[in-house]
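Trainee: I've got a model open and I'd like to talk it through. Can we take it a piece at a time?

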Amino acid sequence: MPAGSSGTYHRRLCEGDGSVLPVGRRPVSAPLRVGPQGSRSGLPGTLRVSRGRRPCARPRRTRQVARSGVGPAAAEGRAAGISSLTMDPECSQLLPALCAVLADPRQPMADDTCLEKLLDWFKTITEAGSSLLLLQGNPCLVELLCHMLKPQDLSSRVLAFSLRLTGVLAAQEDCFQYLQQGELLPKLFGEAGPLGGAAWTSPTVRSGWIQGLRSLAQHPSALHFLADCGAVDTIFSLQEDSSLFVASAAGQLLVHILGLSMPGPAGGPPSLQAGDWPACAQKIVGHIEESLRATATPQITQALNVLTTTFGHCHDPWTQVLWVRLSPLVAGLLEKDPVPAAHSLVDLLLSVARSPGLSSSSCGLWETLAQTLSHLSPTQAGPLALGILKLQDCPQALRAQAFAVLLQPLACVLKATAQDPGPSGVLDGIVGDSMTADMLLPSKAACVGLLCRTLAHLELLLPLPQRPCPWPQAPLLGAAVTLLQLCGGSARPTSDAGRHLCALLLGCVRVQRAALDFLGTLSEGTGPRELVTQVFAVLLEYLRSPDSSPTVLKKAFQATFRWLLSSPKTPGCWDLDPHALLFLRDLLPVLQKRLCSPCWEVRDSGLEFLTQMTRHWGGQAGFRHALLASEVPKLTEQLLRDPESYVRASAVTAMGQLSSQGLCVPPAGPEHPGGQQKSLLAELLHILSTDSEGFPRRAVMQVFTQWLRDSHADVAGDTEQFVAGVLQVASQDLDWEVRAQGLELALVFLEQTLGQPRSHCPCAVTPAVAAPVGPLAQALQPLCRVRLFEFAFRALFDCDRPVAQKSCDLLLFLRAKTASSGSLQESRSSPHVASVEAALQRWQAGDQAQPLGDLEPEVVLAVLRSLDLEGLQGALAESSDHVEKSPQSLLQDMLATVGVLGGNEADCY
Amino acid sequence: MKLYCLSGHPTLPCNVLKFKSTTIMLDCGLDMTSTLNFLPLPLVQSPRLSNLPGWSLKDGNAFLDKELKECSGHVFVDSVPEFCLPETELIDLSTVDVILISNYHCMMALPYITEHTGFSGTVYATEPTVQIGRLLMEELVNFIERVPKAQSASLWKNKDIQRLLPSPLKDAVEVSTWRRCYTMQEVNSALSKIQLVGYSQKIELFGAVQVTPLSSGYALGSSNWIIQSHYEKVSYVSGSSLLTTHPQPMDQASLKNSDVLILTGLTQIPTANPDGMVGEFCSNLALTVRNGGNVLVPCYPSGVIYDLLECLYQYIDSAGLSNIPFYFISPVANSSLEFSQIFAEWLCHNKQTKVYLPEPPFPHAELIQTNKLKHYPSLHGDFSSDFRQPCVVFTGHPSLRFGDVVHFMELWGKSSLNTVIFTEPDFSYLEALAPYQPLAMKCIYCPIDTRLNFIQVSKLLKEVQPLHVVCPEQYTQPPPAQSHRMDLMIDCQPPAMSYRRAEVLALPFKRRYEKIEIMPELADALVPMEIKPGISLATVSAVLHTKDNKHVLQPPPRPAQPTGGKKRKRASEDIPDCKVLKPLLSGSIPVEQFVQTLEKHGFSDIKVEDTAKGHIVLLQEAETLIQIEEDSTHIICDNDEMLRVRLRDLVLKFLQKF
């Protein structure tokens, strides 16, 4: 029973000091190695391919990287990138070999992402130019496609690729005709092709067939072709495919064909008579009608999904005719009990309602929606009701009905607990119909699911401008409070239903979380005084309860903060109102206890809550008084030494905030003459230099940056010493975020030193307005004294791209500021500058051991101007693999994996 | 089958089950809440307690002022604390054959039963139960005996006087039966009657029933009991836990298919989740100590304290409390901490595996080694020299009426920096604190009761599906303070039968079968005849031999040779003189076919009448009546034996003989 052992908590994703970072924040190495001898591997001329494995295309790519680099060379490299719109001769040369490999069943293609990339490349080429020319210029492609027709044991991936490639090529009508002449298309897509063979058992091939047709169906000729080869019937059957991807793609293809076959908006006045529709469209619509009449739910679902996609994507006038024709069938579904495919039906109705092509009032949509709302079970009707309420123009009666559906579960809760549904009258009529009560009471799962969904829907609705008006704030507040009381066991229902509900919801964490979120959102409105008192009481109950799970507690803290924020302000004063202050007096002992919790998540949420509160009310007398009278600041200070790094990080942030507001308690005894403030700076510096985890160190850097920005008393005393110390420690940190934050601090210092108000985008500062105060050299002196430049130059060659980018931005900013100043003599040729440049080159090469020593402003400026910062910035902005992303490299890669290009083997050993 | 309920306390049960020919006492818990009516026994003279004013009646009559003292509006008996014993009048306890003990908390009344009622049976319990039970008794005796009190109040117990007293004294039940604590000698004598058993061990009681202890997961060596005969099974569930704490997990599977399940010892605080309470305990402890205050934890010397120490072991470093001393003061502290480490086979799997590493199963060994936890037999001696503050003290007794805790309450009660944290759920903390009022120290109530809660019980009952559930009446309705909480009661079908103190319950379950063995030679001689597929019958002549509640059919004895008679006898004389056995008949007579047969044999004018029990076949011509019922057939005719025999033979044709 050890504390915390009953629950396993998910640690934060990004634990550790940057070694395991969340997706999207992973540092990417910058392709910064310049010079002819540089290579990505860092070992010139050595290629890292493990022994015993076949060589791959890496060698070539590596050489290519070596050729490209920063500056003009890099620009050339980019020009030759994947974005090239026509096939260059090198690729044309490689293509026959590749086609031969693809056609050879003995050469299996291990990596099908290559095929995807290849297809993307072909798409790019065909979008930019003529497919016919491409085919004529590269006969190997037609050969490859023809080869697919031969009976042989081809890989399903290659077959699918060929089908898709054919589709891409045949999307252009002339190319389509060209391929038709060779009877290639009917052979590939008709009965004679894979469709009738063993390959068809592979979902990849079926998917390739559909996608091929999807690309191909772009012109009227394609429509004829589809009709002739009987493809549409095959697509119908593929809707029921065992592979969900295939089935879904089949549905989308049907929608596409339907759209293609129908007259477009530009094609003259469209015939709105269904009988005049093209045969293909009639066939598809007929199939949909048949499916809608079917008894099997999967068939109905398919039809509804096809219609949903149709109305979602196409808003031409014919869609209205389609709806008029099909709506009786759709409405017919409502007569079945239970309503089949309810979720798909809801999606369809909402899709129709949102479609601008349909005039909702004329086609009876509102009636159908109203009917649907009353037929569906409360669980199914919820999403529909939400969708209706989000619609812009919708009859008031329907909105009212939808809102009533949405509110029903909560009305049931209020009724079961015998509470007055409130004076607003909105919940009056909705005393919880029996169906909702039936849904709520039988099982815990159904009850919890319905309540959570209802709360989530209402939470989504609340911030919308088209939310129902009047908004039943008071009853909803009452319902949220009641739910929380039921879950917490403090409700005392008198009815049987209430007692039953209480037993179902007791201790239910899901409902607790949803209700707390909802309660937090409700804080944006107001409520009657007594209800607000209840809200604070229930929040306090949750914060106090030893049974609140850490996640529930976190949400309770968040909701509490939001309610405190919304509590009425005394006019002319930003302080908390007297009620909130009274609440705070009860809250702080709870917070105190939570800061001592054995569960680190609880300590962490407690600290975050404290930080938020301090940020908002730290300057207010009432809050300050209550906080200083409690043990909270002292406990927070102790948590700086917590064994859990996240807690330490939160404690650092909280202490930084407390200290900024002067809320750190000075030690009581005379044995601490320096006072707490002084020692906090020392303690944070200690954490920055010694903490084994990245999070606390990052937090310290953020606090320091903020302190510098705010001219915190400790910092203002000797800013230079402070900045110098921090930068020195930060530059040696292994965590890139700490180094990046160091640059942020450096930037703040730089701005303060050069006397410019902070601009949000440093690069946006134009040289014209950048006039330093006083002589430039004098202004730069402090920067030199704190060794800011050494830190920035080092960061420029940082192995982590964001750091290098930030440093680049900082130096560009500085250069822009100093550009207009001609007062300094250029000392480009001085030996000092040369030695600095030499050192920088060594750093760039990876040898960062050598320090720069003391720099003079003149030298700095000279070095700054000699650096190709713009080029560097451009290179850093590219993704790390941009230099490798060329079609030629792709083709080489593919050939290399199957060993056709054997010439490189010697390179690898 | 009858159940005699001798205790009104659901978690300290004492019931007697009469089953077959045995009388089995199930637990003998001692209700110590009676001590809350007494003044605490201070280790050293407490001027505050000794100067409390005597209590006088409303009319000013002060004849009770020596016995009753008043403190902050409450009245306490100034005497040696007394305990409320189980009922002794309901059943003659000398007839009890065996006592089955579930856990060490449920054996505290044992000396009263074994030493003062003429009990001559055996007590069964597991080894840890006995050892830790001994520690608890030893501590109790020590706490009370080391502060002898000359005065013994008895006047207040007079029924007429008790009526005049304020609550809760007025409402105290059976005060005349309240007894002072037993002596160590009685404890030793009682414990000597215990026979040790292991889990799943089958113990035969007089051949009539078999009892088996099963792990109940609540405490070291705690058990539930199965009492079964060949055809009946009674489960006794007392103090069980499904939480993963230190003891072996609960054995639920063996409880399946019980005819009756007696359910006692559920959690006393069903609304408090033990995990949450442990968190609360740690937070409050840290908060107090960080502020320079001391923490007092009144507790038993075994049980939850092991878990608390384990939690603190993990927590103290993270809370920065590594330098705070933890003291465990009890006359049996050392034995308890050491015993816990040696009962490896009774521990949960995790802790068992540690023993093979080898590591002590409980981390308190490390706390002791690193001097973070120190234990002392009492306040006197080493403790007073080692003692430094702020600190955390674990000590007994949780009632706050005796033991070292009384001293700490007096010592620390005046400062609001200090905190007393109640973790044992047995005593109401408000009542426990009453004689210490006014109190400045903070009081935190974190009752940790790992026993089954009602959700777990309902799952358990669904799984083991007993035919009948019997439980204390407290479990059949929500707690009075939370009458809306329908979830805080036992909900099962058929509804549970409830009992209360001094009630005798006839269990709704009839014994229908008894097992009888047939000797092999006799079985050999049987000639079974199949009367229905799968059912064969045979006649048997034998002697039923019954001994030790076991029944055996033996071949009938051959008649003894007549002594002094003729040496030779005729063969016919060898046949024993027994009646010629008529064959046994089975089957039923289909009336229609029977009538047809009669007609075939020349009977005419046959009339059939249906009766409530069967049919009457009327042969009007022959003036004869054949009455056919389920288990008998009568032929009624006027002295025509020939006709009767003819009819009888026709009837017999439809029946099977063997």
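Trainee: How many residues of chain B are in contact with chain A?

Mentor: First, this is a predicted model, where local features need pLDDT of at least 70 and side-chain atom pairs count only at pLDDT 80 or more, while totals for chains, interfaces and linings use all residues. Residues are numbered from 1 along each chain as its sequence is written, chains are lettered from A and ligands numbered from 1 in the order in which they are written, and side-chain values use heavy atoms, with hydrogens and water left out. Contact here means heavy atoms within 4.5 Å. On the chain A side 28 residues take part, and on the chain B side the number is 33.

Trainee: What area is buried between chain B and chain A?

Mentor: Buried area is the accessible area (1.4 Å probe) that two parts lose on being put together, summed over both. Carbon and sulfur atoms give 58% of it here, and the total is about 2,500 Å².

Trainee: Which residues of chain B lose the most area to chain A?

Mentor: Look for three residues that together make up 26% of what the chain B side buries. They are L287(B), R290(B) and H484(B).

Trainee: Which side chains meet in a salt bridge?

Mentor: A salt bridge is a side-chain nitrogen of Lys or Arg within 4 Å of a carboxyl oxygen of Asp or Glu. The count between chain B and chain A is 1. With 2.4 Å from N to O, the pair is K593(A) and E280(B).

Trainee: Which helix gives the most to the side of chain B that touches chain A?

Mentor: Helices are DSSP runs (H or I, at least four residues), numbered from the N terminus. Two elements give two or more residues to that side, helix 6 (274–290) and helix 7 (304–318) of chain B. The one giving the most, with 13 residues, is helix 6 of chain B.

Trainee: How many disulfides are there over all chains?

Mentor: A disulfide is a pair of cysteine sulfur atoms within 2.5 Å. For C508(A), the nearest cysteine sulfur is that of C487(A), 5.7 Å away. For C5(B), it is that of C14(B), 9.8 Å away. A search of the whole structure gives 0.

Trainee: Why does C508(A) count as buried?

Mentor: Buried means under 20% relative accessible area (1.4 Å probe, protein chains only). C508(A) counts as buried because its relative accessibility is 7%.

Trainee: How far apart are the end C-alpha atoms of helix 13 of chain A?

Mentor: The expected span is 1.5 Å times one less than the number of residues. Helix 13 (residues 244–261) has 18 residues, so it should span 26 Å. The computed distance agrees: 26 Å.

Note on methods: Buried < 20%, exposed > 50% of the residue type's maximum accessible area, 1.4 Å probe, protein only.
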